[in-house]
Amino acid sequence: MLAGGAERYHTANAAKGKLFARERIALLVDEGTFVEDGLYANSLADGLPADGVITGIARVDGREVCLMANDSTVKAGSWGARTVEKIIRVIERAVQYGVPMIYLVDSAGARITDQVDLFPGRRGAGKIFHTQVKASGAIPQACALFGPSAAGGAYIPAFCDIVAMVDGNASMYLGSDRMVEMVTGEKTTLEAMGGARVHCAESGVGHFLCKTEQDALDTVRSYLSYLPSNWEGRPPTTEAKASTGADLGALVPASERQAFDMRRYIKGLVDEGSFFEIQALWAKELTIGFARLNGEVIGLVANNSMFKGGVLFPDSADKASRFVQLCDAFNVPLLFLCDVPGFMVGSAVEKQGIIRHGAKMITAISEATVPKICVVVRKAYGAGLYAMAGPGFEPDATIALPTAKIAVMGAEAAVNAVYANKIAALATDEERAAFVAERRAEYEQDIDIMRLASELVVDTVVEPGDLRDELIRRYRAAHGKERGFARRRHGVTPV
């Protein structure tokens, strides 16, 4: 039972750099803490030890977790009826115990020969997903994907909070390459259609592209270190650390047209070494992740002008929406670092539903009741201000740096929009340049950040060197915030 499938399958996996499922568990959990359930599932059948999945409870960094691990040496990790029942049971147990659920996935999907037993019933494969949805937001759910996650099985990772995928081996797909060619005529490969790089950089279903299986396991462990065991707890605190001491003011260029990497700014602001970026390869114009501020966990949503100027696109709106919901579910305060020209415009993004995706982002931020602070680092134009938890969205504070600008649009675009005909009517380039300069100066004066502070649009203006201490004090004060949004079952998300 404990040895898994035939030796030839172990050898084939080793040649691909894949570990045995029980080795993965041993590398993930605290030594000697794993307690297994269902070891003898389907034990009367030939060649199906544990029915191809290992389930049980253990500790990770001293905290209880539940876990499942597909054994790809047993029928390629495929599901039978007992496999499905074991997975359902362990998720239910995780919810009952109020502990995180970890999925170590490496499965070819359902055994077609057993479909009547495992597919359609009340405790069939669909019940796995129903149970995951019930668990969502109640307990953390993290997936490390080491091999395929095929057909309906691809939804197990999709319903998790995060998915760490091993480059070269991990894949997710609803139909195999052979099925795709048969149904659509398209010739492709599993790697090109559903490989780790595709999902981590293009589809956004994957969150972390990992070089090795150990990296994927370490990623899951790190992720859980920022979260409570369930929705009723608070994120674990650690010993307070200082920041790197970086000169935050020097990191922000004076010209709003000059890009800078917001990730460097974040690392200079938070406790040294604490920034844990999520989905670093997808929708890079928005940076998200966890960090610690004076030992306390926060979630960061930050525009990054190094990529597409920091403009919000459909994917970046989706990226923000999901992360904000994650933080709100598990009591993680939110920090928005704003340097945004607004949402992208044009026929291409309109056809992609930019309005719908933007509305989803704004909905998530509106509904979030954890402490949330908006810092306008440089610019906050148009609906970008709204999407980054601006003053109208009940942040606990809106803080501006001296470099901040808040307006419907930038000065150049505004002058052109209002005075286009007048500018065109002027006779010489010199006259046009002088006219534009005058109007621009007037516009800049109108949106001066001290004027906005005087009218209580922003709560305060702080120097970059004082921002960290300001945030620490404000989050400390908001620690006991009363959380409520609306009397209802739930809103209708503009998905």
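Q: What makes a stretch of the chain a helix or a strand here?
A: Helices are DSSP runs of H or I with at least four residues, and strands are runs of E with at least two, both numbered from the N terminus. Helix α10, which holds Arg221, spans residues 213-225. This is a predicted model, in which local features need pLDDT of at least 70 and side-chain atom pairs count only at pLDDT 80 or more, while totals for chains, interfaces and linings use all residues. Residues are numbered from 1 along each chain as its sequence is written, and side-chain values use heavy atoms, leaving out hydrogens and water.

Q: Why is Arg221 called buried?
A: Buried means under 20% relative accessible area, exposed means over 50%, and partly exposed lies in between (1.4 Å probe, protein chains only). Arg221 has a relative accessible area of 17%, so Arg221 counts as buried.

Q: Why is the pair of Phe208 and Phe276 called tilted?
A: Their ring centres are 5.3 Å apart and their planes stand at 35°, so the pair is tilted. Phe208 belongs to strand β8 (residues 208-210) and Phe276 to strand β9 (residues 276-278), so the pair ties together parts 68 residues apart in sequence. Phe208 is buried at 10% relative accessibility, and Phe276 is buried at 12%.

Q: What makes Tyr223 and Phe290 a tilted pair?
A: Their centres lie 6.0 Å apart with planes at 40°, so this pair is tilted. It links distant parts of the chain, with Tyr223 in helix α10 and Phe290 in strand β10 (residues 286-293), 67 residues apart. Tyr223 has a relative accessible area of 0% and is buried; Phe290, at 0%, is buried as well. Ring pairs link Phe208, Tyr223, Tyr226, Phe276, Phe290 and Phe323 into a cluster.

Q: How do you know that Lys308 sits over the ring of Phe313?
A: A charge sits over a ring if NZ of Lys or CZ of Arg is within 6 Å of the ring centre and within 35 degrees of the ring normal. The charged end of Lys308 is 4.5 Å from the centre of the Phe313 ring and sits over it. Arg439 lies over the face of Phe435, 4.6 Å from the ring centre.

Q: Why are the buried residues of α5 said to be on the same side?
A: In helix α5 (residues 125-135), Ala125, Ile128, Phe129, Thr131, Gln132 and Ala135 are buried. They cover an arc of only 160° around the axis, which puts them on the same side of α5; the arc is that of the directions from the helix axis to the C-beta atoms.

Technical notes: Rings of Phe, Tyr and Trp (its six-membered ring) pair if their centres lie within 6.5 Å; planes under 30 degrees apart count as stacked, over 60 as edge-to-face and the rest as tilted.
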